[in-house]
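Open the model in your viewer and keep the selection tool ready. Each stop tells you what to pick next and what is there.

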Amino acid sequence: MSQQTRQPTEQEKFGRHRPVTDRDAQEINRVEELSYDLKIREVMTSKLYTAAPDMPLPKVLEIMRTNRISGVPVVQDRKMIGIFSIEDIVRALEKNDFATTVSQYMTRDVVTVAEYESIVKAIQTFTESRLGRLPVVNKDGELVGMITKGDITRGILIALQRDYKEEELRRYRASHLFEDIISDRTTLVLRYNIKAGDFTHGGNASSHIKRALLRLGADAQLARRCGIAAYEAEMNLIIHTLNGGILKLEVEPHKITLSTTDDGPGIPDIERVLQPGYSTATDKVREMGFGAGMGLVNIKRCVDKMELESTVGKGTKLTMRISVPSESLNGKRE
Amino acid sequence: MNLNDIIEISEGEVLTPELSTDVNIHGGYCADLMSDVLASSRPRAVLITGLTNPQVVRTAQIAEFRAIIFIRGKVPQPETVDIAIQENIPLISSPMGMFELTGKLHDAGLKSYEGNVPTN
């Protein structure tokens, strides 16, 4: 029968500790991200029904029945000392022992999760323990809530909805900028003066550029690509120019242009500077983690089109173009 | 993994007590070359490095790292700490070397966040 000859699942084959490879890590989606970002305390239920260890069984049963819950934490002096669930009632029933207290039948060995942990930890604990609900404790071991798989699902859905609303708002803002200003061609230009040798402020302009793009409604990926290209170009101005230069960002509804211009020294052999690993950087620059001859290579990877023009003694102009899919910067969806 | 767990594993000293360390870290990445960091890291990770100049923080910010650990007990110059506070990137100094620290964090379940910057 096919059911008996089926392949073992990954979990059966590797147990719970299947190694996570880099390839798995590439495929992380938003829900997985959220399960790392959301804390247990954000999704747990903090309205608690608890029992005391000396409570008679019929009373606990009443609590469970009226509130339609299948397990109650047992608390003494704010600390959790056990949990009392349907299975414990069954055990009491089997012995016909109903005139006793909670502490006689409760489960003392309780699996808990900490409120400050991410919900991925709760998901793992659910899988490992096969329990349906977990008590949540704070760092002092005091009971602060309960979490079920339903709470996790609800928490993720609420967070996704929040994401969606933010996305809508971003698009609305971006569409306003480019749709309310009427012209045949609207361009937003941001210019930054970059000083030669100013390592302390190196990267400032690029982080402003990245923020500006996010403000304009660029998605995280686009802003990251532009930020990286701008940063490498900015560092080039700081490292290599005589008198610094200008880093410029031009935003149009469907394209972004980044450029740097300087007045020297100029590049004698453009072919060579485009080769990965070719560098003229000083030891001082290398000690700072730059000058590995990868800057232009990195830029090229991040942008759609890169042009480098240079004249020795006059200066260099680097132009980087990135086309913007209509949905990632402009609110228009035609 | 929570940054607080990472601090504990790395026996680290927090250099930015102003910033919250209650941060979720999705993975780890090591490099001393800032171009490598820009070229092949993925967002929301912790950066483990031997460099301590302000550019490290700038690079981390552009590449969207959530925290930085300096290895072999290195302590950065004050400018580095200032930028880190401004950009909300906690800095930690660990007495361990890069290999040892990375191995310990990987054993504890921290994933590698090596990866190319997606280009469309």
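Select Pro54(B), Val56(B), Val57(B), Arg58(B) and Gln61(B) in α3(B); they meet Glu79(B), Thr80(B), Ile83(B), Ala84(B) and Glu87(B) in α4(B). Contact here is set by C-beta atoms, placed from the backbone, that lie within 7 Å. By class, this contact holds 5 nonpolar, 2 polar and 3 charged residues. Ala, Val, Leu, Ile, Met, Phe, Trp, Tyr, Cys and Pro count as nonpolar; Asp, Glu, Lys and Arg count as charged; the others, Gly among them, count as polar.

Now show both helices whole: α3 spans residues 54-62 of chain B and α4 spans residues 78-87 of chain B. Their axes come within 7 Å and cross at roughly 20°. α3(B) and α4(B) are therefore roughly parallel to each other. Angles under 35 degrees count as roughly parallel, over 145 as roughly antiparallel, 65 to 115 as roughly perpendicular and the rest as oblique. Axes are lines fitted to C-alpha atoms, for helices over the stretch in contact, with angles from 0 to 180 degrees between N-to-C directions. Helices (H or I, at least four residues) and strands (E, at least two) are DSSP runs, numbered from the N terminus.

A word on the model. It is predicted: local features need pLDDT of at least 70, side-chain atom pairs count only at pLDDT 80 or more, and totals for chains, interfaces and linings use all residues. Residues are numbered from 1 along each chain as its sequence is written, while chains are lettered from A and ligands numbered from 1 in the order in which they are written. The model scores ipTM 0.80 and pTM 0.65. Chain B has a mean pLDDT (the predictor's confidence in each residue, from 0 to 100) of 92, and 96% of its residues reach 70 or more.

Next, select where the chains touch. Chain A gives 32 residues and chain B gives 31 residues. On chain A, α3 (22-26), α4 (30-37), α11 (204-215), α12 (220-240) and α15 (295-302) each supply at least two residues. The largest share, 7 residues, comes from α12(A). This side of chain A divides into 12 nonpolar, 12 polar and 8 charged residues.

Move to the open sheet of 5 strands in chain A, ordered β6-β7-β8-β10-β9 with antiparallel pairing. Two strands pair if DSSP finds at least two bridges between them. β6 (188-194) and β9 (305-311) of chain A stand at the edges with a single partner strand each, so one side of each has no neighbour in the sheet. The twist averages 10° from one strand to the next. Pick β7 (245-252) and β8 (255-262) of chain A: 8 bridges join them. Glu252(A) has Lys255(A) as its bridge partner.

Which strand holds Ser310(A)? Ser310(A) sits in β9 of chain A. Ser310(A) is partly exposed, with 18 other C-beta atoms within 10 Å (20 or more is buried, 12 or fewer exposed, in between partly exposed; C-beta atoms are placed from the backbone). Leaving aside neighbours within four places in sequence, Ser310(A) contacts Gly266(A), Ile267(A), Ile270(A) and Thr316(A).

Last stop: the open sheet of 3 strands, β3-β4-β5 of chain A, with mixed pairing. β3(A) and β4 (133-137) of chain A pair in the parallel sense over 2 bridges. Val113(A) stands opposite Val136(A). β4(A) and β5(A) run antiparallel, joined by 5 bridges. Look at their hairpin: Gly141(A) in the turn has a positive phi of about 80°.

Note on methods: Contact = placed C-beta atoms within 7 Å.
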